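Please read the following notes alongside the sequence and the coordinates. They are numbered so that each can be taken up separately.

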Amino acid sequence: MPSVKLPKKSTDTDMTPFVDIAFLLLSFFIMATKFKPPEPVKVETPNSVSSAKLKEENSVLITIDNESKVYVSFGGKTTEDKGKITGIINDLNSSRSLGLTPQEIEAFQSTPLIGVPLAGIKNLLSRPLAEREKIKQPGIPVSDSLNNELVWWVGAAKKAFGGTKLMYLVKGDNTSKFPAFESVINALKRNEEFKYFLITGQEGAPAGSDLANKLSADSRK
Amino acid sequence: MASIEGGDGGGHKKGPGVKKAKKLSTRVDMTPMVDLGFLLITFFIFTATLSTPSTMDLNVPKDTDKDEEQTKAKQSGALTIMLGKNNNVYYYEGELSAEGFKQTTFKGIRDIIIKKKRSVIAAYTGSAACEEKARAKKLDVRSECADEDFVVVIKPMPDATYKNTVDILDEMTINQVKRFAMVKIADSEKELIVATEGPSTGTTPAP
């Protein structure tokens, strides 16, 4: 069969600009990414249409995991805030006579999240850090309204932070049951706190709904 | 292929008898590096978008036993939504009755809320107190006051999940319901739900 011979052309393309851009993007994303600290409890939050961004300073974070166990942690970045967080445990130590040693109080600072009854806190804080992060905690007892220990935690936090406005963040797992959430709210209510922030993922407002209409009306203004 | 050309162009003339060294290509195959680069880009793009959670405001009223401090709701404008297990939603308008008690899903509840809101707005006859307030604040009287009587009461069963609760609160934002309240479920309502979906397994969280 007669064949037409095509002149051989190189299929090489100069990829240098392409690679340049790729690495430019890469460096941008590396710089822009803020890594989440590892979470001791895995929580999958539900989505909401709310677009307000999460602020973490001066906050009490109450986590509800998929087994409806309740954990508490305190947020603060500056050294002053850290001192206040130590104030929380000092307060509980004296008011609930937990009998903590100074080392254990120091250890509270580095514990990412507390999920044990007050009676078990000495045991938790006496363990080394690596163990504290991994150990499976039983959750703070909240279901019994007479012995809702979260009330103590929130009360101590309010006292330690004094005049500073605290943010109450609630981070609940999709599958956690409503009674756990209800007892968390009750604990906050008993401390005269009525404004909470629920941590959620983000989703858009459904088309045609009143919210979507309002948002588009606002953006037209 | 992406490559770097070596600067070794010239090649020196060596003396006679010296064998010319074989010229080695200085081209480096950059494909694996590019592959890795893009892998990293994808990774960072994903983590960057995932680490921005948002927050949803929730304000609750103070518990009060005094009758005069409690918020009054008109029967005609009230819609009660109950959350059962397996993402079931129950609702009734006004006062509880066996006929008015209906079942729906999270998809269906939006239309129910919209329908009720429209009917409350249509039935609006004017409220002097509210209109006065709206005028003082220089707000649109019609949009401020027409749905004044519309109240959604949310009553989650112990079986309802946290996601259900957030979803229904979200539904309030989506439909711009100004007045809603989360209330403990009454026994009469519990019985009706239990009759529909079987006994509750809630109250004690699963181990």
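1. In chain A of this predicted model, strand E3 (residues 59–64) and strand E4 (residues 70–75) run antiparallel and are joined by six bridges. Strands, marked E, are DSSP runs of at least two residues, and helices are H or I runs of at least four, both numbered from the N terminus. Two strands are said to pair if DSSP finds at least two bridges between them. Within this pairing, A:Leu61 stands opposite A:Ser73 of E4(A). The hairpin has five residues between its strands, and A:Ser68 takes a positive phi near 65° there.

2. E3(A) also pairs with E5(A), in the parallel sense and over six bridges. Here A:Ile62 has A:Val170 of E5(A) as its bridge partner. E3(A) is largely enclosed by the rest of the structure, because five of its six residues are buried. Buried means that 20 or more other C-beta atoms lie within 10 Å of the residue's own; 12 or fewer makes a residue exposed, anything in between partly exposed, and the C-beta atoms are placed from the backbone.

3. Where in chain A is A:Asp173? A:Asp173 sits in the loop between strand E5 (167–172) and helix H7 (178–190). A:Asp173 counts as buried because it has 23 C-beta neighbours inside 10 Å. Beyond its neighbours within four places in sequence, its contacts are A:Val43, A:Glu44, A:Ile64, A:Asp65, A:Asn66 and, from the other chain, B:Tyr162. A contact requires the C-beta atoms of two residues, placed from the backbone, to lie within 7 Å. A:Glu80, 93 residues from A:Asp173 in sequence, is 31 Å from A:Asp173 in space, C-alpha to C-alpha.

4. The contact between the chains takes 54 residues from chain A and 43 residues from chain B. On the chain B side, helix H1 (31–50), strand E1 (54–59) and helix H5 (162–174) each supply at least two residues. H1(B) gives the largest share, nine residues. The chain B side divides into 22 nonpolar, 14 polar and seven charged residues. In this count Ala, Val, Leu, Ile, Met, Phe, Trp, Tyr, Cys and Pro are nonpolar, Asp, Glu, Lys and Arg are charged, and the others, Gly among them, are polar.

5. Strand pairing also crosses between the chains: strand E6 (residues 195–202) of chain A pairs with E1(B) in the antiparallel sense over six bridges.

6. Chain B has six helices and six strands, in the order α-β-β-β-β-α-α-α-β-α-β-α along the sequence. Of its 207 residues, 23% count as buried. Among contacts in chain B with a separation of 6 or more, 64% are between residues 24 or more positions apart.

7. Confidence needs checking by region. The model scores ipTM 0.77 and pTM 0.75.

8. On conventions, residues are numbered from 1 along each chain as its sequence is written, with chains lettered from A and ligands numbered from 1 in the order in which they are written. In this predicted model, local features need pLDDT of at least 70 and side-chain atom pairs count only at pLDDT 80 or more, whereas totals for chains, interfaces and linings use all residues.
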